[in-house]
Amino acid sequence: MTGICVQKKMEKTIQTITFDGTKSKFRMWHAKFMSQARTKEFSGVINGTDAVPNANVTLNPNNNAHKPQIAARKANQKGYDYLLLCMDSEIPFDLVETARTTELLEGDLKLAMERLVQKYMPTTQADVLKLKEELTNCKLKSWKTDLDKW
């Protein structure tokens with residue numbers, strides 16, 4: 001007599017606040033993301049209060065002196081993975097996905113956020129007005145033109 005064993009798969013849904021690469025929506029998305037970062041406890045990595053040790057540094061979980069560094073490393077990975085999941089368009093996804101260094105091979109959350117802020121965050125009200133004016137005056141000559149290159 002043979003039996004068939006069926007295992008039920010456990011799946012978990014991760015809800016994210018997605019960013020589609022629209023510059024005018026970035027400020028609001030950023031505020032919401034930082035709110036989640038605080039509740040998920042990886043905002044310290046983004047703002048630099050939690051220093052993430054290099055990947056080549058060996059940390060002993062039994063050593064109390066290493067526990068903050070281990071926590072920072074975990075927070076960096078958790079935050080980086082979450083940020084990557086939030087990206088809903090190719091350009092911001094590429095900015096985050098390529099934020100890897102020789103020190104943090106699996107991803108650098110702080111660097112990824114800095115890249116997004118540099119590309120999408122308006123710095124002054126004058127910048128916002130200038131961008132709106134440029135957008136208003138843009139003309140697409142052919143519908144076949146790639147919008148990113150345009």
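The protein has six helices and zero strands, in what is a predicted model. Read from one end of the sequence to the other, then, the pattern is simply α-α-α-α-α-α. Of the 150 residues, 27% count as buried. As for contacts between residues at least 6 apart in sequence, 58% of them join residues at least 24 apart.

Now for the aromatic rings. The count comes to nine aromatic pairs. One of these is formed by Phe-19 and Trp-29, a tilted pair with 5.3 Å from centre to centre and 35 degrees between the planes. Phe-19 sits in the segment before α1 (23–39), while Trp-29 is in helix α1, so this pair links distant parts of the chain, 10 residues apart. Both Phe-19 and Trp-29 are buried. Phe-19 has another partner in Tyr-120: here the ring centres are 5.0 Å apart and the planes stand at 80 degrees, so the pair is edge-to-face. Because Phe-19 lies in the segment before α1 and Tyr-120 in helix α5 (residues 109–120), this pair ties together parts that are 101 residues apart in sequence. Again, both Phe-19 and Tyr-120 are buried.

The charged end of Lys-40 sits over the ring of Tyr-82, 5.1 Å from the ring centre. Over the face of Tyr-120 lies Lys-119, at 5.8 Å from the centre of that ring.

Lys-40 and Tyr-82 turn up again around a pocket. The second largest pocket has a volume of about 190 Å³. Its lining includes Lys-40, Phe-42 and Tyr-82, along with Lys-12, Thr-13, Ile-14, Gln-15, Lys-78, Asp-81 and Leu-85. Sorted by class, that makes four nonpolar, two polar and four charged residues.

Most residues other than glycine have a negative phi. Glu-41, however, has a positive phi of about 65 degrees although it is not a glycine. Glu-41 is found in the loop between α1 and α2 (43–47). Is Glu-41 buried or exposed? With a relative accessible area of 64%, above the 50% cut-off, Glu-41 is exposed.

Ile-46, in helix α2, tells another story. The relative accessibility of Ile-46 is 11%, so this residue counts as buried. Which residues does Ile-46 touch, not counting residues up to four places away in sequence? The list is Phe-33, Met-34, Ala-37, Leu-109, Lys-110 and Met-113. As for Leu-109, its C-alpha atom is separated from that of Ile-46 by 6.4 Å, although the two residues are 63 residues apart along the chain.

Finally, there is His-30, which is found in helix α1. His-30 has a relative accessibility of 18%, and because the cut-off for buried is under 20%, His-30 counts as buried too. Leaving aside neighbours within four places in sequence, His-30 is in contact with Met-113, Val-117 and Met-121.

Definitions and conventions
Residues are numbered from 1 along each chain as its sequence is written. This is a predicted model: local features need pLDDT of at least 70, side-chain atom pairs count only at pLDDT 80 or more; totals for chains, interfaces and linings use all residues. Side-chain values use heavy atoms; hydrogens and water are left out. Rings of Phe, Tyr and Trp (its six-membered ring) pair if their centres lie within 6.5 Å; planes under 30 degrees apart count as stacked, over 60 as edge-to-face and the rest as tilted. Helices (H or I, at least four residues) and strands (E, at least two) are DSSP runs, numbered from the N terminus. Buried means under 20% relative accessible area, exposed over 50%, partly exposed in between (1.4 Å probe, protein chains only). A charge sits over a ring if NZ of Lys or CZ of Arg is within 6 Å of the ring centre and within 35 degrees of the ring normal. On a 1 Å grid over the protein atoms alone, a cavity is a set of points where a 1.4 Å probe fits but cannot get out, and a pocket is an open set with protein on both sides within 12 Å along at least five of seven lines; lining residues have an atom within 4 Å of a point. Grid points are joined across faces, edges and corners, and a volume is the space filled by probe spheres set on the points. Ala, Val, Leu, Ile, Met, Phe, Trp, Tyr, Cys and Pro count as nonpolar, Asp, Glu, Lys and Arg as charged, and the others, Gly among them, as polar. Contact means heavy atoms within 4.5 Å.
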